[in-house]
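Here is a short note to go with the two chains. Please read it with the structure open.

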Amino acid sequence: DAMVIQNPRYQVTQFGKPVTLSCSQTLNHNVMYWYQQKSSQAPKLLFHYYDKDFNNEADTPDNFQSRRPNTSFCFLDIRSPGLGDAAMYLCATSTAIQETQYFGPGTRLLVL
Amino acid sequence: AQKITQTQPGMFVQEKEAVTLDCTYDTSDPSYGLFWYKQPSSGEMIFLIYQGSYDQQNATEGRYSLNFQKARKSANLVISASQLGDSAMYFCAMREGMGSNYKLTFGKGTLLTVNP
């Protein structure tokens with residue numbers, strides 16, 4: 001089945017230690033998104049890629065970076081995680097920017 | 001002003017009964033889309049149903065239907081014949097904007113509990 005996969009499902013890191021979250025998709029969608037969702041809150045868009053074009057949200061901290069080496073994969077890098085970065089990180093894809101977004105299962109990040 | 005308002009933080013429904021989850025939105029864009037997503041405790045956001053602003057008929061997908069009242073700017077989700085597996089957080093979202101500025105804005109969600 002075509003799907004969006006996120007690894008790992010749970011990630012524990014130490015304060016200040018760089019961490020990378022992974023997202024892959026078999027849907028061959030052009031657009032990939034990263035959202036941050038804190039407990040009991042709505043998802044918040046961090047950035048998205050339209051093909052190789054990177055679009056950063058204005059209020060996304062510089063601590064968050066992303067890479068998309070090919071159509072199938074997209075990575076979220078947190079350079080120096082703080083306690084406030086503990087959250088669920090959701091990856092989503094869509095065929096085009098205006099189309100329905102399909103989400104992966106998410107990665108729960110814990111910062112110690 | 002909030003773009004998407006879900007006024008019900010929590011809702012309870014008896015198994016096999018219908019339930020309506022409220023969503024109102026605010027936009028000046030004539031072209032927009034409205035989505036409902038389900039998020040179980042496992043965390044995955046599951047797409048349920050979509051309504052475009054120019055669609056003449058209310059969207060339906062199995063047990064899910066969207067009661068779209070454009071003049072009132074509401075897009076309520078109706079779940080018929082509730083099942084225990086419907087217990088989850090439900091998010092209403094709106095897509096608006098043009099070109100590369102399309103953005104999906106989520107409401108704060110409604111936690112639905114289905115009682116046996």
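1. Basis. This is a predicted model, in which local features need pLDDT of at least 70, side-chain atom pairs count only at pLDDT 80 or more, and totals for chains, interfaces and linings use all residues. Residues are numbered from 1 along each chain as its sequence is written, chains are lettered from A and ligands numbered from 1 in the order in which they are written, and side-chain values use heavy atoms, with hydrogens and water left out.

2. Chain A, secondary structure. Chain A has zero helices and eleven strands. Both terms refer to DSSP runs, numbered from the N terminus: helices are H or I, at least four residues; strands are E, at least two. In sequence order the pattern is β-β-β-β-β-β-β-β-β-β-β. The radius of gyration of chain A is 13 Å, close to the 13 Å that the globule rule gives for 112 residues, so chain A is as compact as a globular protein of that length. That radius is taken over C-alpha atoms, and the rule is 2.2 Å times the number of residues to the power 0.38.

3. Chain B, secondary structure. Chain B has zero helices and twelve strands. Its radius of gyration is 14 Å, close to the 13 Å from the globule rule for 116 residues, so chain B too is as compact as a globular protein of that length.

4. Dimensions. Along the principal axes, the C-alpha atoms of chain A fill a box of roughly 35 × 30 × 30 Å. For chain B the box is roughly 45 × 30 × 25 Å.

5. Burial. In chain A, 51% of the 112 residues are buried. In chain B, buried residues make up 46% of 116. Buried means under 20% relative accessible area (1.4 Å probe, protein chains only).

6. Contacts. Take contacts (heavy atoms within 4.5 Å). Among those in chain A between residues at least 6 apart in sequence, 56% join residues at least 24 apart. In chain B, residues 24 or more positions apart account for 54% of the contacts with a separation of 6 or more.

7. Surface. Chain A exposes about 5,400 Å², with 49% supplied by carbon and sulfur atoms. Chain B exposes about 5,700 Å², and carbon and sulfur supply 51%. Areas come from the Shrake-Rupley method with a 1.4 Å probe.

8. Charge. How far apart are the mean positions of the positive and negative charges of chain A? They lie 9 Å apart, for 9 positive and 9 negative charges. In chain B, with 10 positive and 10 negative, the mean positions are 5 Å apart. Lys and Arg count as positive, Asp and Glu as negative; His and the chain ends are not counted. Each charge is placed at NZ of Lys, CZ of Arg, CG of Asp or CD of Glu.

Note on methods. Buried means under 20% relative accessible area, exposed over 50%, partly exposed in between (1.4 Å probe, protein chains only).
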